Structures are given as C-alpha cells and as structure tokens.
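Please view the sequence and the model first.

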Amino acid sequence: MSHSDAAYAWLPDHQLHVTHTLAHVDHTIDQALRLIHAYSEQGPLTLGEVAEDDRSHMVVKAIAPLPAAIPRLVADALTQLRAALEHTLYAEVESLLGRPLTKEEAPRIEVPATATERDFDRWLRGRRRADIPPLVAGEPLVERLRRLQPFQQTDSDDHPLRVLAMHTNLAKHRMPALAATRVGAVYPDTPDKGVEVAIAPDPGAAAASP
C-alpha cells in the first residue's frame, strides 16, 4: 500500500514527508521508554531503616541516576517534532508559491512561538517575510499560524508550542533537558495510630479523584 492510499488520503502529497518524521519520533520515544522501563525494573531506590527511640524510620538512602541516554533520546524526539512543524510550513509555502523557495527566501521560513499578538505581528514583518506572498498579513496560512500561537492560551508559557520551542532551544544550544528522579509520597493503606507520615493525605482530594 502506498502513502497515497486510504490511510493518508487526507494528507496532501506535498506533506507526505511528515509521516516519516513522525514515525521516527515514535521509534525514538519507544527507545526512551524501553530504557526507562529497564531503569525502573532494576530498582533505582536504595532504602534504609533508621531507629530512633521506639520508632523506626524508612528512608531513601540513594537514587540511581537516570541513564544519560534517556534525556538525549527525549531531546531527539522533541527536536524531530519541531522539525516536523518547520518542514511542514516550508513545504506548504512552496506548494502555495508553485515553485521552490530561493536561497534568500528559505531562511525566512520558520514556525514562531510568540507569547503576545504584538510579537507575532513583529515576527511577520521581520526578515522581509512580506516579500513571500503566502506570508503576507491576512493570508490564510498566516491566520492558521496565528491560531496556533501560545498567546491564544491564557497561560502562554504552558502552551505546547511554547514548551516545545523552549525545550528544543535548550537541547540544541546548551544541553538536553535534565530529568530528576523523585520519590512519590507513600501512605499506609489502613490508618494506624502507630504509623506517622510526613504529610497527611487530604481525604477530600482522595474522594474527588476518579
């Protein structure tokens, strides 16, 4: 079965390339998950018991660091997801133009991730983008990009596009985002006067959870 058959009938031929990128992302995430599973199975926590008077405290003595490959695989997956966006926009502009972009035009094509509408309009005016017809203010492609911007969400810092841009910029120019191993709170299944926990659970929160 070819890419143009049923499963991809909704996708224009000039955008079929993105399926290969997304398949690569899926494979990369699978590699990361396999490493995380192996890390969890080996028992990354070293527990200890500390006696104090008539009490016994269970403490975490050590946490095995995450394998260095995990944050790098995550960075690879995120970078490829951003590439999928950039490549899609590039292909869309060329399709609308009906010709390849020139070497002067090509560097002007990028997917912005702006926190305010003013920033988006400033991006649109920059680097002579208005010389490329599909990127003229008011054009359908521009309005589609506008609707995808982080400023369309109340908390723009949590917008997926903003988060993706921040993480990929960090991975490309500084280092892969570091992941910390944290220990979740542990509560006894049955309340016992002889067992104390550092932070008592909120009964109301438990009742409200699905």
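Helix α3, residues 117-125, packs against α4 at an angle of about 145°, and their axes lie 11 Å apart. The model behind this and every other value here is predicted. The crossing of α3 and α4 is right-handed. From α3, the residues in contact are E117, F120, D121, W123 and L124. They meet V142, L145 and R146 of α4. By class, this contact holds 5 nonpolar and 3 charged residues, with no polar ones.

**From α4 to α2**

Helix α4 spans residues 140-147. Helix α2 covers 69-97. Their axes are 11 Å apart, and the packing angle is about 160°. How do α2 and α4 run relative to each other, roughly parallel or roughly antiparallel? Angles over 145 degrees count as roughly antiparallel, so α2 and α4 are roughly antiparallel to each other. The crossing of α2 and α4 is right-handed. On the α2 side, the contact is made by L89, E92, V93 and L96. On the α4 side, it is made by L141, R144 and L145. The contact of α2 with α4 divides into 5 nonpolar and 2 charged residues, and no polar residue takes part.

**From α2 to α5**

Helix α5 runs over residues 160-173. The axes of α2 and α5 come within 9 Å and cross at roughly 120°. That angle makes α2 oblique to α5. The crossing of α2 and α5 is left-handed. From α2, the contact uses A75, L78, T79, L81, R82 and L85. From α5, it uses L161, L164, A165, H167, T168, N169, A171 and K172. This contact of α2 with α5 divides into 8 nonpolar, 4 polar and 2 charged residues.

| Helix pair | Angle between axes | Axis separation | Crossing |
|---|---|---|---|
| α3 and α4 | about 145° | 11 Å | right-handed |
| α2 and α4 | about 160° | 11 Å | right-handed |
| α2 and α5 | roughly 120° | within 9 Å | left-handed |

**The cavity**

How many cavities of 30 Å³ or more does a search of the whole structure find? The search finds 1. About 40 Å³ of space lies in the largest cavity. The elements that give two or more residues to its lining are α2 and α5. The largest share, 3 residues, comes from α2. The lining consists of R82, L85, E86, V111, P112, A113, L161 and A165. It divides into 6 nonpolar and 2 charged residues, with no polar ones.

Helix α2 gives the most, with 5 residues. By class, the lining of this pocket has 8 nonpolar, 3 polar and 2 charged residues.

Conventions
Residues numbered from 1 in each chain as written. Predicted model: local features only at pLDDT ≥ 70, side-chain atom pairs only at ≥ 80, totals over all residues. Heavy atoms only, no water. 1 Å grid on protein atoms, 1.4 Å probe; cavity = no way out; pocket = protein on both sides within 12 Å on 5 of 7 lines; lining within 4 Å. Points joined across faces, edges and corners; volume = space filled by probe spheres on them. Helix = DSSP H or I, 4+ residues; strand = E, 2+ residues; numbered from the N terminus. Nonpolar A, V, L, I, M, F, W, Y, C, P; charged D, E, K, R; others polar. Axes fitted to C-alpha atoms, helices over the stretch in contact; angles between N-to-C directions. Parallel < 35°, antiparallel > 145°, perpendicular 65-115°, else oblique. Left-handed = near helix turned anticlockwise from the far one by under 90°. Contact = heavy atoms within 4.5 Å.
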